[in-house]
Amino acid sequence: MEERRFAGRLACWLPVRFMTVGSEHPVDTLSKNLSVGGLMCLSPHRLSLLSPISLEILLGRARQPLVAQGLVRWIQEVPDSQQYFVGITFLGLDETDRIRLSRYLDRT
């Protein structure tokens, strides 16, 4: 798979909650890596490419999650598992959360 990232990624396992458009139930999972441009996380479901997704990410000890809108860019089945790695690009990250994320990445 060809890399097309615009920002460096930090390997980190953080709690993530996401919900795709049309879904009735959020999915609680973990990130695998994170950047100001997006993240990779695990999913128990195969998601559709380019589907919009709502995200909440707990950064370290923060009480309030970082809230973002994203787009599923790629999906890869985890070998010997019933899970998938999902690459998500952030679309709607407000300025306050973008700054919080940048500071978290700089400190970590």
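Student: Leaving aside neighbours within four places in sequence, which residues is L101 in contact with?
Tutor: This is a predicted model, where local features need pLDDT of at least 70, side-chain atom pairs count only at pLDDT 80 or more, and totals for chains, interfaces and linings use all residues. Residues are numbered from 1 along each chain as its sequence is written, and side-chain values use heavy atoms, without hydrogens and water. Contact means heavy atoms within 4.5 Å. With neighbours within four places left aside, the partners of L101 are L34, S35, V36, L59, L66, F90 and L93.

Student: Which residues have the most contacts inside the largest nonpolar core?
Tutor: A nonpolar core is a set of buried Ala, Val, Leu, Ile, Met, Phe, Trp, Tyr and Cys residues joined through side-chain atoms within 4.5 Å. Buried means under 20% relative accessible area, exposed over 50%, and partly exposed in between (1.4 Å probe, protein chains only). The largest such core has 25 residues, and those with the most contacts inside it are L34, I57, L59, F90 and L101.

Student: Is N33 buried or exposed?
Tutor: N33 lies in strand β3; strands (E, at least two residues) are DSSP runs, numbered from the N terminus. Its side chain and that of R9 are joined by a polar contact of 3.1 Å, a polar contact being a pair of N or O atoms within 3.5 Å, where within protein one must be able to donate a hydrogen and the other to accept it, and residues adjacent in sequence count only if both atoms are side-chain atoms. The relative accessible area of N33 is 10%, so N33 is buried.

Definitions and conventions:
Helix = DSSP H or I, 4+ residues; strand = E, 2+ residues; numbered from the N terminus.
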